[in-house]
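Reader: Could you walk me through this one, a piece at a time? I am new to it.

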Amino acid sequence: MVEEVSDIKEGLSRVLPLISKKSSAIDKNNEMYSDVLQALFDNKLMSILAPKEYGGFESYYLACLVAESVAKINAGVAHSVVVHNATVDALRLFGTAEQKEKWLPKLKKKAGTLAMTEPSGGSDVSALKMEARKEGDVYILNGRKTLITNASFGGVFIVIAKTEEGLTAFITEKDGVVVTKLNQSGMRGSGLSSVGFSNVEVAKEDILGGLGKGLKVALGTLSPNRIPFAAMGLGIAETCLESAIKYAKGRTAFGKKVADFQGIQWMIAELATEIETLRSFIYNSAEIADGKESSLDVTTLGAMCKLKAAEIAKKAAEMAVEIYGGHGVIVGSPVERAYRDAKLLDIAEGTSEIMKVLISRTILGR
Ligand SMILES: Cc1cc2nc3c(=O)[nH]c(=O)nc-3n(C[C@H](O)[C@H](O)[C@H](O)COP(=O)(O)OP(=O)(O)OC[C@H]3O[C@@H](n4cnc5c(N)ncnc54)[C@H](O)[C@@H]3O)c2cc1C
């Protein structure tokens with residue numbers, strides 16, 4: 001693991017300066033630049049959860065390291081990486097040998113997407129409407145997905161649709177799919193889009209996890225991948241803390257530095273403590289997802305990590321804006337973007353309310 005960590009850190013050290021250079025433009029234009037995407041692929045940051053025989057690392061711990069490090073610079077790019085790695089993970093966890101052989105090489109070049117949410121709702125996965133009709137050896141997909149990360153520049157879609165046997169996961173490329181980019185407030189540049197399927201043909205060999213097993217594929221993939229998603233919140237919170245400390249040490253009010261006021265010191269102390277607690281929780285949960293023993297299952301831990309990370313990232317962004325005063329709300333300040341990004345952690349990959357539903361089910365044994 002030591003060797004793999006240093007391999008990933010080396011890759012990060014090559015990619016992060018490029019992301020940093022383009023970060024404002026990514027946010028301003030809501031655009032993922034092709035050189036950033038290419039650098040992520042070239043430095044293996046998009047293969048973290050791929051099987052080892054496909055050049056991957058199969059490690060949620062490393063996926064967290066990447067998500068945290070990239071989110072410190074740009075949360076939109078980090079979200080693209082997390083969703084791509086989750087798509088690869090779905091193939092690793094549920095794909096047949098033939099499917100891995102067909103799709104994993106494509107996912108070394110094209111970003112992956114997981115398309116579940118529909119315009120009529122995202123939380124209630126069992127109520128999805130999109131249909132896949134069987135015609136001989138193929139399925140015909142009709143319907144609409146929305147709020148799909150990576151869709152505007154991605155090339156491989158895992159789509160959940162209704163078949164006679166229940167919800168089923170299909171893997172398809174972009175051909176015939178109509179993508180409309182959305183203009184979201186935070187995590188910009190992550191290719192968030194609506195996606196229309198009108199008579200899109202998918203071969204029966206491209207059913208992932210078996211007919212009627214779509215919910216198992218979706219939830220089985222999302223559960224462990226909420227841990228790297230939570231690591232994004234850790235990265236956002238760290239940036240907020242670092243920016244707030246720097247600002248408080250430099251800014252003067254009433255003849256002393258803002259950092260000399262006890263009210264500000266307590267905010268910073270509280271936040272630093274929350275961040276350290278979150279870090280331990282996330283990386284311990286990632287080790288459990290990687291196989292370490294635990295009394296709690298990965299679904300519950302993933303939900304807890306995501307719930308807590310969203311809470312701490314929002315708190316960190318709010319405190320940082322508070323410490324910056326008026327300068328904290330000016331577009332272009334590092335904490336203003338974090339304020340917009342942090343809120344989206346509450347919603348993407350399942351809302352905080354749904355995380356509480358999942359956690360309470362385990363804790364209450366229902
Ligand atoms: C930045 C971003 C990226 C995303 N990326 C993807 C992606 O790549 N793929 C994808 O498929 N989806 C994606 N989504 C969609 C996301 O998963 C959904 O927005 C989310 O699941 C909520 O669904 P909804 O927006 O339809 O809200 P709804 O399901 O309509 O919920 C509305 C409100 O009701 C609450 N609610 C619903 N049910 C309950 C309940 N049982 N108990 C308590 N409260 C409840 C919700 O918490 C929410 O507050 C993304 C969303 C965002 C913001």
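**Helices and strands**

Author: Helix H3 (residues 60-73) and helix H7 (residues 262-289) pack at an angle of about 145°, with their axes 7 Å apart. Axes here are lines fitted to C-alpha atoms, for helices over the stretch in contact, and angles run from 0 to 180 degrees between N-to-C directions. Helices (H or I, at least four residues) and strands (E, at least two) are DSSP runs, numbered from the N terminus. This is a predicted model, in which local features need pLDDT of at least 70 and side-chain atom pairs count only at pLDDT 80 or more, while totals for chains, interfaces and linings use all residues. Residues are numbered from 1 along each chain as its sequence is written.

Reader: Which residues of H3 meet H7?

Author: Tyr60, Tyr61 and Cys64 in H3 meet Ile282, Tyr283, Ala286, Glu287 and Ala289 in H7, where contact is counted if C-beta atoms, placed from the backbone, lie within 7 Å.

Reader: Switching topic, which strands does S7 pair with?

Author: Strand S7 (residues 193-203) runs antiparallel to strand S3 (residues 138-148), joined by 8 bridges, and 5 bridges join S7 to strand S6 (residues 177-181), also antiparallel; pairing requires that DSSP finds at least two bridges between two strands.

Reader: What are the bridge partners in S7 of Ile140 and Val179?

Author: Ile140 has Glu201 as its bridge partner in S7, and for Val179 the partner in S7 is Val195.

Key: Two residues are in contact if their C-beta atoms, placed from the backbone, lie within 7 Å.
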